[in-house]
Amino acid sequence: MKFVKNFNNNAALVESSDNVEWVVIGNGIGFGYHVGDMIDDAKINRRFKAEEDSDTMKLVSGFDAQVLEVASALVNVVEPLINVKFDDV
């Protein structure tokens, strides 16, 4: 995936090889990259498909990085407990 834009140190906008944009969350995923740099998929904890007509981009850019990390960790803990898989897409 190619780096497009960072929202903060732990959230970024990336583009896949098939030109689909994704909002990705991971520790340090938005730090130190320049437009066009390749992102290591192993650094991505969660990914959400970005859509032009949605408010997802505005929401994610407004969140504190710690809120996104806690939400992601919470999902990882809760999924097996309630036997549900939340969809990233």
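The questions and answers below concern a predicted model.

Reader: In what order do the elements of the protein run from the N terminus on?
Author: The model is predicted, and the protein has two helices and four strands. Read from the N terminus, the elements of the protein run β-β-β-β-α-α.

Reader: Which element of the protein has the highest mean pLDDT?
Author: The mean pLDDT of the protein is 82, and 83% of its residues reach 70 or more. Among the elements, the lowest mean, 62, belongs to helix 1 (residues 56-62). The highest mean, 91, belongs to strand 2 (residues 11-15).

Reader: Which elements give two or more residues to the largest nonpolar core?
Author: The largest nonpolar core has 10 residues in all: M1, F3, A12, V14, W22, V24, I29, Y33, I39 and I44. The elements that give two or more residues to this core are strand 2 and strand 3.

Reader: How many residues make up the second, separate core?
Author: Besides the largest core of 10 residues, there is a separate one that includes A11, L13, V23 and I25. The number of residues in this second core is seven.

Reader: What distance separates the C-alpha atoms of A12 and V23?
Author: A12 belongs to the largest nonpolar core, whereas V23 is included in the second one. Along the chain, A12 and V23 are 11 residues apart. Their C-alpha atoms are separated by 5.7 Å.

Reader: Which residues form the aromatic pair, and is the pair stacked or edge-to-face?
Author: A search of the whole structure finds one aromatic pair. The residues are F3 and Y33, with 5.7 Å from centre to centre and 25° between the planes. Planes under 30 degrees apart count as stacked, so the F3 and Y33 pair is stacked.

Reader: How many residues apart are F3 and Y33, the distant parts of the chain that the pair links?
Author: F3 lies in strand 1 (residues 2-8), and Y33 in the loop between strand 3 (21-25) and strand 4 (46-49). Both F3 and Y33 are buried. The pair links parts of the chain that are 30 residues apart.

Reader: Which side chains meet in a salt bridge?
Author: Side chains of opposite charge can pair when their charged atoms come close. The structure holds one salt bridge, with a distance of 3.8 Å from N to O. Its partners are E79 and K85.

Reader: Is K85 buried or exposed?
Author: K85 is found in the segment after helix 2. Its salt-bridge partner E79 is buried, with a relative accessible area of 10%. The relative accessible area of K85 is 63%, and the limit for exposed is over 50%; therefore K85 is exposed.

Reader: What distance separates the C-alpha atoms of K85 and V75?
Author: K85 and V75 are 10 residues apart along the chain. The separation between their C-alpha atoms is 8.9 Å.

Reader: What is the area of the nonpolar surface patch made by V77, L81, I82, V84 and F86?
Author: One of these residues, L81, is found in helix 2 (residues 65-82). With 68% relative accessibility, L81 counts as exposed. The patch made by V77, L81, I82, V84 and F86 has an area of about 460 Å².

Reader: What is the phi of N19, a residue that is not a glycine?
Author: N19 lies in the loop between strand 2 and strand 3. N19 is exposed, with a relative accessible area of 57%. Its phi is positive, at about 65°.

Key
Residues are numbered from 1 along each chain as its sequence is written. This is a predicted model: local features need pLDDT of at least 70, side-chain atom pairs count only at pLDDT 80 or more; totals for chains, interfaces and linings use all residues. Side-chain values use heavy atoms; hydrogens and water are left out. A salt bridge is a side-chain nitrogen of Lys or Arg within 4 Å of a carboxyl oxygen of Asp or Glu. Buried means under 20% relative accessible area, exposed over 50%, partly exposed in between (1.4 Å probe, protein chains only). Patches are made of residues with over 30% relative accessible area and no salt bridge: like charges are joined within 9 Å, nonpolar side chains (Val, Leu, Ile, Met, Phe, Trp, Tyr) within 5 Å. Accessible areas come from the Shrake-Rupley method with a 1.4 Å probe; for residues, only the protein chains shown count as cover. Rings of Phe, Tyr and Trp (its six-membered ring) pair if their centres lie within 6.5 Å; planes under 30 degrees apart count as stacked, over 60 as edge-to-face and the rest as tilted. pLDDT is the predictor's confidence in each residue, from 0 to 100. A nonpolar core is a set of buried Ala, Val, Leu, Ile, Met, Phe, Trp, Tyr and Cys residues joined through side-chain atoms within 4.5 Å.
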